[in-house]
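Have a look at the sequence and the structure first.

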Amino acid sequence: MTLAPAEADLSTELSQAIAARVREELARRRLSRQALADLAKISISTLEKALAGRRPFTLATTIRLEEALGASLRAPVRAAAAPSPTGLAPEALGAYSRTAVAWLEGQYVTLRPSFEDPKAVYAYRTEIAWDEASSSLAFREAAREDADFTQKGAVSLSNQSGHTYLITNEQGQFRLVVLGRPAIGGEMYGLLTTLQAGQGSHLTPAAAPIAFVPLRRVDDPRFGRIAPGTSHYDLYRATLARVTDKGFARFFAG
């Protein structure tokens, strides 16, 4: 049986280029794959297989996707048969484009409870910036009182949940920050999962609320262990309390 033109498979090269464009559009619009499949009236299985390269796109599927997105997926690739566009993060990190996440770049005052003194707030600085080598956002901490535990790693963004993940992976040892969508002032709230250092080499899994506040929004920021009664304590404590008070994260025990 001869396939009708609309049902014919597109070339591997063109399918790969279309897959890259679709992933970029999903990241830019923060749209889930299921939502796109529903808009295009195709099955999620068809979309997932085509994006993963397990089957080529057909002309009919491509046209439906173009109509759903309101954008051409083929015109740019005819002009230059290039590989995946630059400035696009790996799919494992959310396949976001650099332009779509520019709002996240910058320096933040990072707040969490002090593990040593539950009444104090621990403050340090986190920078998020685009890393050309990994073609993704990366984060790096600074101004930590316990400099030996300074963290760095990759930034992942989820189209489905809208959450941002800061991931440290050092030889299989993970530390994770999960942040919700930013507030109007750019603040982000969420939770931290890490290992608390104890006596000797003892490490204990720990979780705590965490807040990221754009550095520009804090006058004369203070870093280190901020104790009650000292400068910035009331501001930092109130900011950190928003994590649970406003439902950005929940903590369950027992």
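Q: How much space lies in the largest pocket?
A: About 510 Å³ of space lies in the largest pocket. This is a predicted model, where local features need pLDDT of at least 70 and side-chain atom pairs count only at pLDDT 80 or more, while totals for chains, interfaces and linings use all residues. Residues are numbered from 1 along each chain as its sequence is written, and side-chain values use heavy atoms, with hydrogens and water left out.

Q: What makes a region a pocket, and what is meant by its volume?
A: On a 1 Å grid over the protein atoms alone, a pocket is an open set of points with protein on both sides within 12 Å along at least five of seven lines, whereas a cavity is a set of points where a 1.4 Å probe fits but cannot get out. Grid points are joined across faces, edges and corners, and the volume is the space filled by probe spheres set on the points.

Q: Which residues line the largest pocket, and what makes a residue part of a lining?
A: A lining residue has an atom within 4 Å of a point. There are 24 of them here, with Arg144, Phe149, Gln151, Thr194 and Leu195 nearest the centre. Strand 5 (164–170), strand 6 (173–179) and strand 7 (188–197) are the elements that give two or more residues to this lining; strand 7 gives the most, with five residues. Helices (H or I, at least four residues) and strands (E, at least two) are DSSP runs, numbered from the N terminus.

Q: How do the residues of the lining of the largest pocket divide by class?
A: They divide into eight nonpolar, six polar and 10 charged residues. Ala, Val, Leu, Ile, Met, Phe, Trp, Tyr, Cys and Pro count as nonpolar, Asp, Glu, Lys and Arg as charged, and the others, Gly among them, as polar.

Q: What is the volume of the second largest pocket, and which residues lie nearest its centre?
A: The second largest pocket has a volume of about 220 Å³. Its lining has 13 residues, and Arg33, Glu91, Gly94, Asn159 and Gln160 lie nearest the centre. Helix 1 (12–29) and strand 4 (152–157) each give two or more residues to this lining. By class, the lining of the second largest pocket has five nonpolar, five polar and three charged residues.

Q: What makes a set of residues a nonpolar core, and which have the most contacts inside the largest one?
A: A nonpolar core is a set of buried Ala, Val, Leu, Ile, Met, Phe, Trp, Tyr and Cys residues joined through side-chain atoms within 4.5 Å. The largest one has 22 residues, and Tyr96, Leu104, Leu137, Val155 and Phe212 have the most contacts inside it. Strand 2 (121–131) supplies the largest share of this core, four residues. Apart from it lies another core, of 17 residues, among them Ala19, Leu47, Leu51 and Phe57.

Q: Which residues does Val155 touch?
A: Contact means heavy atoms within 4.5 Å. Not counting residues up to four places away in sequence, Val155 touches Leu93, Tyr96, Leu104, Ile128, Leu137, Ala138, Phe139, Thr164, Tyr165 and Leu166.

Q: Why is Lys41 called exposed?
A: Exposed means over 50% relative accessible area, buried under 20%, and partly exposed in between (1.4 Å probe, protein chains only). Lys41 has a relative accessible area of 65%, so Lys41 is exposed. Lys41 sits in the loop between helix 2 (33–40) and helix 3 (44–52), and its phi is positive, about 60°, although Lys41 is not a glycine.

Q: Why is Glu127 called partly exposed?
A: Its relative accessibility is 39%, so Glu127 counts as partly exposed. Glu127 belongs to strand 2. Leaving aside neighbours within four places in sequence, Glu127 is in contact with Gly106, Gln107, Ala138, Phe139 and Arg140.

Q: What makes Tyr122 and Tyr124 a tilted aromatic pair?
A: Rings of Phe, Tyr and Trp (its six-membered ring) pair if their centres lie within 6.5 Å; planes under 30 degrees apart count as stacked, over 60 as edge-to-face and the rest as tilted. For Tyr122 and Tyr124 the values are 5.8 Å centre to centre and 50° between the planes, hence a tilted pair.

Q: Are Tyr122 and Tyr124 buried or exposed?
A: Tyr122 counts as buried because its relative accessibility is 1%, and Tyr124, at 0%, is buried too.
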